[in-house]
Amino acid sequence: MNLEFDQQHIWHPYTSSTNPLPCYPVISAEGVSIKLEGGHQLIDGMASWWSAIHGYNHPELNDAAKAQIDKMSHVMFGGLTHEPAIELSKNLLDMCPVGLERVFLADSGSVSVEVAMKMAMQYWACQGNHKKHRFITPRNGYHGDTFAAMSVCDPINGMHSLFKESLPQQLFAPAPQTRFDQHWNEDEIDSLHQMIKDNHHELAALILEPIVQGAGGMRIYHPEYLKACRRLCDEYGLLLICDEIATGFGRTGKLFACEHADISPDIMCLGKGLTGGYMTLAATLCSEDVAIGVCQGEPGVFMHGPTYMGNPLACAVANASLSIIQTGQWQQQVSAIEKQLKEELLPLKSLESVADTRVLGSIGVVETKQDVDVATIQKHFVSRGVWIRPFGKLVYIMPPYIISPDELSQLVSAIKTALS
Ligand SMILES: *Cc1c(COP(=O)(O)O)cnc(C)c1O
């Protein structure tokens, strides 16, 4: 592979274009294994950023893609519709929290967040309430890289200072503090409550990642916090947007993380694992009330429509992925991973270099005291035959659900040797 060309001309995520971190050349992937040029195999700890939940090169997903591509890859969604999109939307509404009734198919997670925020603003504007156009969100969130999504990412690690002049100014509440399994402290919600109380007349919605804050810090918080968010939104007239892009489809041990708190949002974003990691597709689901609100008065329509909206190929693969989810096997797989991570990864807390460890579902997080050197630690991982991509102080794994106990042990032991 021409790695020199890659280095000189291709942007990779979150690295310098002129002095990039090294990249490893992949030729194929199968199950939980990524094969590099030359034949070296890596056990995948990242599921390609939360997506490849059933593993790579899955026969059922492959068949779905092949069958669909022989019918049509894509047709425009304006004025046309098709079975893959109808089936997918039906599937999603059957499995998602109650109260969500309408599906907007988007082409990436960030776009589904843009759509969710736009829906919330248009919902109030169409009722003549143009003042309710801002958002409140806890710190340490991550919602994507486009502008509206970026405006609700953590203001510090989301690098707001770079784009200060063009980012909408949102309200940031303190991040949730009580951990998932600690004793809930009701006072924790006071400052969020006060901020909503003082600003609700200009707030369209509260947006957050339910239970697990992903790329903004890999923090796992108490379900009572999410319950309180639902209550405050009802009390003060805010919509609740839950971004389940990372947490959806079983990752946290529930089908959707909202279920830990037994709440339904008004708007929900899905992405990442939706196609089992095959291609980009996302969805924004909303309640009947939101759909009616958005479409009343002028202009009477929702002003958004991506070119590749409802892409049949992506929908067909998503349907195959959801069929696998519907067998329910993920429940045993994710709870077995959780149990093993609790036994093997949590004890890494005793290492000198480690500040904290935490586990929920098939997510394992090791927080170090100092930032890790990505190039060095990556090299160590690759030499140990595992694929783990840390950032900052976070060395974390969320493997495909099909990972075997032995493979999972190899991931944890590679982290242990890297940090010892
Ligand atoms: C990854 C992610 C996004 C952005 O999705 P993209 O498909 O990368 O645009 C948004 N929200 C959360 C919680 C995510 O994890």
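**Close-up views of the predicted model**

**View 1. In strand β12, Leu285 is the bridge partner of Val103.** Six bridges join β4 to β12 (residues 282-287), and the two strands run antiparallel. Helices (H or I, at least four residues) and strands (E, at least two) are DSSP runs numbered from the N terminus, and two strands pair if DSSP finds at least two bridges between them. In general, strands of a sheet pair through backbone hydrogen bonds, in either a parallel or an antiparallel manner. The structure is a predicted model, in which local features need pLDDT of at least 70 and side-chain atom pairs count only at pLDDT 80 or more, while totals for chains, interfaces and linings use all residues. Residues are numbered from 1 along each chain as its sequence is written, and side-chain values use heavy atoms, with hydrogens and water left out.

**View 2. An open sheet is formed by seven strands in the order β4-β12-β11-β10-β7-β5-β6, with mixed pairing.** Strands β4 (100-106) and β6 (171-173) stand at the edges with a single partner strand each, so one side of each has no neighbour in the sheet. On average, neighbouring strands of this sheet are turned by 20° against each other, direction ignored. Helix α7 (residues 190-199) packs on the sheet and touches β5 (134-138), β6 and β7 (203-208); the direction of α7 makes about 155° with that of β6. Contact means heavy atoms within 4.5 Å. Axes are lines fitted to C-alpha atoms, for helices over the stretch in contact, and angles run from 0 to 180 degrees between N-to-C directions.

View 3. Six bridges link β13 and β14 (residues 363-368) in the antiparallel sense, and in β14 the bridge partner of Thr357 is Val366.

**View 4. Helix α13 (residues 405-419) has 15 residues.** From its first C-alpha to its last, α13 reaches 21 Å, close to the 21 Å expected at 1.5 Å a residue; the expected span is 1.5 Å times one less than the number of residues. In α13, Leu408, Leu411, Val412, Ala414, Ile415 and Leu419 are buried (under 20% relative accessible area; exposed is over 50%, partly exposed in between; 1.4 Å probe, protein chains only). Seen down the axis of α13, the buried residues fall within an arc of 150°, so they line one face of the helix. The arc is that of the directions from the helix axis to the C-beta atoms.

**View 5. Trp49 and Ile211 have positive phi values although neither is a glycine.** Trp49, in helix α2 (residues 47-50), has a phi of about 55° and is partly exposed at 37% relative accessibility. Ile211, in the loop between β7 and β8 (212-213), has a phi of about 70° and is buried at 0%.

**View 6. The structure holds zero disulfides (pairs of cysteine sulfur atoms within 2.5 Å).** Cys242 is in no disulfide, and the nearest cysteine sulfur, that of Cys258, is 3.7 Å away. The sulfur of Cys269 is 9.1 Å from the closest cysteine sulfur, in Cys242, which is too far for a bond. Cys242 is buried at 0% relative accessibility, and Cys269 is buried at 0%.
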